[in-house]
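The following exercises concern one protein structure. Each task is followed by a solution worked in steps.

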Amino acid sequence: MNDWEADAVLADGATVQLRPVSDADLADLAALRAGLSAAEGAGLPWADDGPAQGHPGRLAVVALLRGRLVGVAEYERLAGTDQARVGLLVERAHRRRGLGPLLLEHLTAAAHDQGVRQLVADLPVDNTQALEAFRAAGFVHTAGTAGPVRMMFSTAQTPRARGMSRALEQRAEARSIARLLAPRTVAVLGASREPGAAGHEVFHRLLSSDFHGPAYPVNPAARQVASVYAYPDVREIPDAVDLAVIAVPAPQVVDAVRACAEKDVRSLIVVSAGFAEAGPEGRARLAEVTRLARVSGMRLIGPNAMGVINTDPAVRLHATFAVGEPAAGRVGAFTQSGALAGTFLTESARRAIGLSTFVSTGDRSDVSANDVLQFWQSDPRTDVALLHLQSFGNPRKFARIARRLGRSKPVVALKSGGRSADPALDALFTSAGVIRVGTLGQLFDLAALLVTQPLPVGRRVGVVGTSSALAALAVDACHTAGLEVPAFGPATAAALGEVLGSGPEPANPVDLGAMAAPERFAGALRAVAGSAEVDAVLVLVTPHPAVDELARAVRGVAAAGRVPVAASFLGHDGIPAALAAGDTAAPGRGSVPSFASPESAAWAIARAAEHAAWRDREQGTVPALDRLDLDRSRAALAGAAMDGSWLPSERVDEVLAGAGLAVWRSERVTSEQEARAAAERIGWPVALKIADERFRGRLDVGAVRLGLAGPGALAQAWRTIRLAVGPGDMLVQPMAPAGVSTVVRMTQDPAIGPLLSLRLGGAVADLLVDPLARALPLTDRDAAELVRGIRGSVLLVGGGSGGGTAPVDVAALEDLLHRLARLAEEVPAVAEVLLDPVLVGRSGVVVLHAGVRLLPPETDPDSLPRRMTGAGVDYFR
């Protein structure tokens with residue numbers, strides 16, 4: 001706990017470093033205290049002797065802004081209790097920036113890890129700034145009106161405190177990205193006079209996009225670039241510089257970053273290559289660039305970044321060297337890949353998808369998708385978020401932010417660099433409500449629909465077209481995508497009959513013929529779109545002499561906005577001009593998306609319908625649990641072997657007991673005589689099984705014998721198991737009550753973090769049934785969906801055709817899932833927990849066997865997903 005460092009964002013978007021105090025800080029702390037009044041320093045635990053990090057029961061966290069100590073928070077444990085007094089000190093010039101609550105949040109997380117359960121602060125009643133800081137951190141006023149005000153805080157974090165912390169985090173991180181995307185001044189270091197060079201192209205696009213503020217080229221070898229006076233060094237620019245784009249060769253980047261730090265630049269974009277991809281030397285260079293940016297309080301995009309774009313008319317920032325000038329619009333786009341930046345820009349233009357902002361982060365050394373999502377949440381110009389991801393920094397934080405954002409703005413993600421069928425990634429995205437796509441084409445297909453059309457309220461589709469063959473393909477595509485193409489009722493059929501005249505009874509799909517008259521086409525569209533029997537309309541148009549009139553009819557129907565309208569105009573590359581809105585940045589609906597095929601249109605409608613259903617569902621909460629003592633679980637791991645092997649059963653029992661879980665009684669034996677003695681102690685009847693994990697629960701191979709009522713049956717079972725699976729220790733257990741066999745597992749996925757999975761148990765299920773998984777945190781909704789979503793769930797919840805089965809105690813199974821999730825969250829040294837089988841009975845559950853493995857001791861924290869710890873503080877941000 002004494003060697004962590006964290007970068008955090010203040011309320012105004014500036015960055016600050018947090019770490020434990022060291023002896024080298026004592027002089028700075030004394031100077032900080034000397035500049036404050038007695039009232040401002042009152043209540044500090046170290047009032048007499050100064051903070052001592054090595055003192056038992058004491059811990060201090062300091063904040064450094066651009067390398068200078070500006071604040072400290074410390075606790076001192078009260079002897080014989082789980083309480084601690086806490087104090088806070090922030091330099092006057094840096095108050096009201098959110099620094100106090102930030103220090104207290106990190107101190108609270110550290111205190112929780114050290115077994116402190118309650119923090120107490122006694123503050124002068126007239127120290128309003130300190131009182132505000134403690135309240136903002138979640139402390140509650142418990143006593144004091146005329147005298148000292150007592151503030152208290154539970155380190156376990158209440159939902160109220162957690163909500164306040166996350167609201168502060170969102171505002172701070174959003175402001176830091178807003179500062180980066182809306183600078184008042186920009187400098188380009190390495191601005192070149194040679195077309196094609198990255199620095200030349202960035203500076204050229206800054207000028208051509210009509211950036212609202214001054215743009216300064218920095219080039220020691222040129223007097224001017226693009227007819228603009230060039231400065232030899234960023235430090236010689238007379239104005240303050242908000243954003244610096246660095247486009248110099250990789251060996252020069254460290255010096256350039258250092259110069260920007262001395263200039264007090266707020267934000268950096270490094271487009272230069274030659275870092276993480278360039279071997280040990282490049283990785284060392286990246287580490288130094290990142291370190292300099294952090295200690296200087298600068299947000300950093302890159303290296304290997306393409307840059308950023310902000311189409312806001314009040315900003316007009318195009319700080320990339322990608323080809324393409326996107327129209328202003330309502331879609332925010334993020335990609336880690338610099339190479340794909342140009343594709344994003346050209347494809348959005350081809351499909352008439354306007355962008356609000358575009359961010360390409362490259363090596364993602366600082367600014368990540370999480371930061372950009374925080375910004376988009378509060379950005380009124382963004383309605384849809386598009387993500388291209390190659391890796392995750394903090395998957396749990398991503399899930400939390402995306403889940404919150406997706407309630408109002410859909411989040412669509414393309415993940416590359418992994419398997420197309422990835423249960424772990426599906427679990428993360430499902431938990432977060434993120435719409436996963438498999439190709440770039442699907443990414444833009446879905447964006448075009450979501451940004452221009454309302455979400456469908458159901459899965460019923462009305463199909464209107466000019467070709468019966470195309471309509472048949474569309475119907476098949478809808479069914480494949482999980483959509484319905486319902487028959488029309490009398491009211492809709494009558495409305496269509498008035499438009500179509502005499503002929504066959506109007507049906508869904510509506511075929512108007514290859515040469516459909518525009519008026520007839522428009523009337524049929526209005527009748528179908530106005531029907532209460534459809535939730536979306538799919539329009540199919542083959543080449544037609546009056547194609548523009550048909551397109552205008554489609555836009556007119558879509559403008560009513562009752563249901564989403566999607567079109568497929570065959571023979572058109574991109575969107576027909578008549579379907580595109582003139583102002584893609586205007587709030588509300590404009591264009592109608594046009595797809596290359598009926599299949600892609602049906603797929604997009606289906607994904608939009610799934611997202612709408614997710615949004616309409618209750619979000620769920622993480623429930624409070626009784627009988628938790630996770631300190632007991634941590635204590636059980638002390639001195640345990642961290643070599644990838646399963647822990648001894650006595651340790652496993654203790655680890656799970658801390659989470660409120662009990663393993664069914666079991667005695668390990670090495671001989672038939674020991675087995676008989678164990679059975680006598682336990683009481684007949686008993687179960688006998690091989691202890692080898694490979695044969696756990698394998699009734700089919702003879703490794704388990706049940707219901708042994710006496711010594712004779714036990715002896716026969718012993719011989720049968722030996723013949724079936726050979727030598728090895730065995731287990732003797734009392735017979736468990738009847739129940740449905742399930743398997744529950746927690747694993748630490750190297751890319752996603754903790755995953756919780758559930759499936760049915762038994763020999764057939766072992767071979768045929770894939771588990772269903774969810775990423776953490778696990779809400780009550782997630783747990784219910786796991787239980788009801790696995791294959792064979794009818795055995796748990798009852799029902800089914802032919803009378804079905806009686807339900808079992810699914811509430812007890814959901815409680816077990818939550819307890820295992822809490823263990824994974826708060827005891828991160830646990831790499832895997834396997835509960836196999838878990839018998840779910842009419843009342844309660846029985847864990848027949850359990851295994852626990854730990855992370856190897858040499859595991860590098862940087863190789864793991866950066867996780868939230870303690871009270872929600874990210875120590876590996």
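**Exercise 1. Overall content**

Of the contacts in the protein with a separation of 6 or more, what percentage is accounted for by residues 24 or more positions apart?

Solution. The model is a predicted one, in which local features need pLDDT of at least 70 and side-chain atom pairs count only at pLDDT 80 or more, while totals for chains, interfaces and linings use all residues. Numbering starts from 1 along each chain as its sequence is written, and side-chain values use heavy atoms, with hydrogens and water left out.

Step 1. Contact means heavy atoms within 4.5 Å. Residues 24 or more positions apart account for 70% of the contacts with a separation of 6 or more.

Step 2. Buried means under 20% relative accessible area, exposed over 50%, and partly exposed in between (1.4 Å probe, protein chains only). By this criterion, 56% of the 877 residues are buried.

Step 3. Helices (H or I, at least four residues) and strands (E, at least two) are DSSP runs, numbered from the N terminus. The protein has 26 helices and 38 strands.

**Exercise 2. An open sheet and its helix**

Determine the strand order of the open sheet of four strands, and identify its edges.

Solution. Step 1. Two strands pair if DSSP finds at least two bridges between them. The order is 24-23-25-26, and the pairing is parallel.

Step 1. Strand 24 (510-511) and strand 26 (565-569) are the edges; each has a single partner strand, so one side of each lacks a neighbour in the sheet.

Step 2. Strand 25 (residues 536-541) runs parallel to strand 26 and is joined to it by five bridges. Val541 stands opposite Phe569 of strand 26.

Step 3. Packed on the sheet is helix 16 (residues 518-529), which touches strand 23 (461-465), strand 24 and strand 25. The direction of helix 16 makes about 160° with that of strand 25; axes are lines fitted to C-alpha atoms, for helices over the stretch in contact, and angles run from 0 to 180 degrees between N-to-C directions.

**Exercise 3. Two helix pairs**

Describe the packing of helix 11 with helix 12, and of helix 14 with helix 18.

Solution. Step 1. Helix 11 (residues 395-406) packs on helix 12 at an angle of about 35°, with the axes 8 Å apart. Pro395, Phe398, Ala399, Ala402 and Arg403 of helix 11 meet Leu428, Phe429, Ser431 and Ala432 of helix 12.

Step 1. Ala, Val, Leu, Ile, Met, Phe, Trp, Tyr, Cys and Pro count as nonpolar, Asp, Glu, Lys and Arg as charged, and the others, Gly among them, as polar. The contact of helix 11 with helix 12 then has seven nonpolar, one polar and one charged residues.

Step 2. Helix 14 (residues 468-480) and helix 18 (residues 598-616) pack at about 35°, with axes 9 Å apart. Leu470, Leu473, Ala474, Ala477 and Cys478 of helix 14 make the contact with Pro598, Glu599 and Ala602 of helix 18. By class, this contact has seven nonpolar, no polar and one charged residues.

**Exercise 4. Backbone exceptions**

Solution. Step 1. Most residues other than glycine have a negative phi, and most peptide bonds are trans.

Step 1. Asn508 and Pro509 are joined by a cis peptide bond with omega of about 15°. Pro509 is in the loop between helix 15 (490-500) and strand 24.

Step 2. The bond from Trp684 to Pro685 is also cis, with omega near -5°. Pro685 lies in the loop between helix 21 (672-682) and strand 28 (686-690).

Step 3. Ser227 has a positive phi of about 65° and is exposed, with a relative accessible area of 67%.
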